[in-house]
Amino acid sequence: QQSSKQLEPIQLSESSAKKWGTKRLPRFVGQGHAAEPGYINNQFMEGQLVVIGGGDYFSFAWVPLEHQIFFGRPSPELTLKMLKEGGKSSLTAGVG
């Protein structure tokens, strides 16, 4: 068993490695919060954090639910804009 919370990296295919600029995606043990609609039966459960594309993207996978969500790092310009506006605007997730 590994002494740290880092898991074996995910090995990418050659075509995926070209796209993301790496042959391996680091992943780490974690816990994610999940709940049924209406925030019923909320609980923390086993999960994995996966770092993609040098850290510009990452995902979290809830292992028992077999559900995964992806995130992208905002650009420096967007970060500064959000800080200046002090939360006046809301972010929306893209579909697709």
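1. Two strands pair here if DSSP finds at least two bridges between them. Helices (H or I, at least four residues) and strands (E, at least two) are DSSP runs, numbered from the N terminus. The model is predicted: local features need pLDDT of at least 70 and side-chain atom pairs pLDDT 80 or more, while totals for chains, interfaces and linings use all residues. Residues are numbered from 1 along each chain as its sequence is written, and side-chain values use heavy atoms, with hydrogens and water left out.

2. Strand E2 (residues 24-36) has two pairings to note. With strand E1 (residues 6-11) E2 pairs in the antiparallel sense over four bridges; Leu7 has Arg27 of E2 as its bridge partner. With strand E3 (residues 40-52) the sense is again antiparallel, over nine bridges, and Ala34 stands opposite Gln43 in E3.

3. E2 and E3 form a hairpin, with three residues between the strands. In the turn, Gly38 has a positive phi of about 85°.

4. Gln48 is found in strand E3. The side chains of Gln48 and Arg27 are joined by a polar contact of 2.9 Å. Such a contact is a pair of N or O atoms within 3.5 Å; within protein, one must be able to donate a hydrogen and the other to accept it, and residues adjacent in sequence count only if both atoms are side-chain atoms. By the contact criterion (heavy atoms within 4.5 Å), and leaving aside neighbours within four places in sequence, Gln48 touches Leu7, Arg27, Phe28, Ser59, Phe60, Ala61 and Val63.

5. A search of the whole structure finds three aromatic pairs. Rings of Phe, Tyr and Trp (its six-membered ring) pair if their centres lie within 6.5 Å; planes under 30 degrees apart count as stacked, over 60 as edge-to-face and the rest as tilted. One of the pairs is Trp20 with Tyr57, edge-to-face at 5.5 Å centre to centre and 75° between the planes. Because Trp20 lies in helix H1 (residues 14-20) and Tyr57 in strand E4 (residues 57-62), this pair ties together parts 37 residues apart in sequence.

6. Partly exposed means between buried (under 20% relative accessible area) and exposed (over 50%), with a 1.4 Å probe and protein chains only. Trp20 counts as partly exposed at 29% relative accessibility, and Tyr57 counts as partly exposed at 41%.

7. Phe58 and Phe71 form a stacked pair, 5.0 Å centre to centre with 20° between the planes. The pair links distant parts of the chain, Phe58 in strand E4 and Phe71 in strand E5 (residues 67-72), 13 residues apart. Phe58 is partly exposed at 31% relative accessible area, and Phe71 is partly exposed at 37%.
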